[in-house]
Amino acid sequence: MLVPTVVLSGIGLLSGLGLALAARAFAVETDPRQDRITEALPGANCGGCGYAGCGDFAGAVVRGDAKPDGCPVCDQETRRLVASIVGLTVQDRAPQVALILCQGGDDVAAKKYRYNGLASCASAALLGGGDKACGAGCLGLGDCQRACAFGAVEMTPSGVARIIPARCTACGQCVAACPKDLIKLVPAEATIHVLCSNHDRGPAAKKACAVACLGCKKCEKSFAEDPRIKVADFLAYIDYEHAPDDPALAALCPTGSLVYRGAAAPAAERTSS
Amino acid sequence: MQLVLLVLSAILVNNFVLSRFLGICPFLGVSKKLSTALGMTAAVMFVMTLASTVCWLVFHGLLRPYGLEYLQTISFILIIAAMVQLVELALQKLSPGLYRSLGIYLPLITTNCAVLGCAVMNIMNESSLLVTAVFSLAAAMGFGLALVLFSGIREVLALADTPRSFRGTAIALLTAGTLSLSFMGFAGLVK
């Protein structure tokens, strides 16, 4: 009993000793500012900045490869703190939230086949672009939900992803996760959105989904000049630089793909996205 | 002569990756770029040769005299893990770029079955210390040859117009199979 214990712990001790010496010989000196920045960052390691984690991002900031305001998640105060550690200043920027540009749940959108595979949008999208008749529609299998480190994505009962704006930090992980490119980052104060990504002509879009944008231009024409909503390729776009704020606009839309989410909207609609 | 045959056998005929199917995970994992594959080869060569030699010394100097052969696996793993840790420390200091591109596969050498397999095989075959060192180095070179060949193919493959359903892992595994098939041609070269 004694001999094997001594032998094994002896080997372990010797290797440990060797490693301790090697660690001293090969010690890599890190910039102390890197640790301070890492401490200041949220620490969610979400990867929204494009680096492997908060520590990696901090290293890039110290080296000058990343801008100190590169963390999309942290608030303005943290950005200022990070910048001050490396002796820089940052400009304030408008907060953003993610927005899912589809509201075609199973109740309104037609399906072209029954998908029975792995419960992941990425794999469903490989099979003819997914089971939705609409080629641009949300597949509802929750890749964005799993990508979100902040629990800001929920799935509606009808099978469409929805962002909970209060929790969204605009880190952009869901944007990257969606195989249908349905998620965009938009200014948080914007009140009116086109929740559709379908570029088909009106009749085809309508056949695939009851809440699709038909490209009818009713919203565009409501502006006498310089329209803040433009239709291109049978799909309306909001000009978020000069976002319109008028609840009456949403009422113009024949299918309900133009949605108002401002303070005047009913509470239930405001919380969903 | 015996040693030359041993080297040829370990590199070509009984190639660790392509004939014995040991160490497949870095073979597929770090073979996307030739430079990374070369770095991995160097790391494995260092770990494999040194670990096998030290394992031989420990086995014949400590374990066998005290009748502790049953401690073989755990003590070998301990030695291999320490070696890998050493390589990791050295790489982090000497070549941070390679350290980052090897990523998870560097610590994974610890559980690389090729390394442990090599050490155990030497004990099983009752090899002498010289044969152990030469065989381990040759085996690691065989591993490196497979890795470098494969990464060269994959670099070309990355630019090729692969049919959609074959892209990514599928074509990589198919290529690995074909490469293994071609190494079958060496069978019979050395017994």
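How many of the residues of chain A, in percent, count as buried? Of its 273 residues, 36% do, where buried takes 20 or more other C-beta atoms within 10 Å of a residue's own, exposed takes 12 or fewer, and partly exposed sits in between, with C-beta atoms placed from the backbone. A quick heads-up before the views: this is a predicted model, with local features needing pLDDT of at least 70 and side-chain atom pairs counting only at pLDDT 80 or more, while totals for chains, interfaces and linings use all residues. Residues are numbered from 1 along each chain as its sequence is written, and chains are lettered from A and ligands numbered from 1 in the order in which they are written.

**View 1. Chain A and its helices and strands.** Chain A has 11 helices and eight strands; these are DSSP runs numbered from the N terminus, helices being H or I with at least four residues and strands E with at least two. Take the contacts in chain A with a separation of 6 or more (C-beta atoms, placed from the backbone, within 7 Å): 56% of them join residues 24 or more positions apart.

**View 2. Pro247(A) in helix H10.** Pro247(A) belongs to helix H10 of chain A, residues 247-252. Pro247(A) counts as partly exposed because it has 14 C-beta neighbours inside 10 Å. Val259(A) is 12 residues away from Pro247(A) in sequence, and their C-alpha atoms are 8.5 Å apart.

**View 3. Where chain B touches chain A.** Here 16 residues from chain B meet 13 residues from chain A. On the chain B side, helices H3 (34-63) and H4 (72-94) each supply at least two residues, and H4(B) gives the largest share, 11 residues.

Notes:
Two residues are in contact if their C-beta atoms, placed from the backbone, lie within 7 Å.
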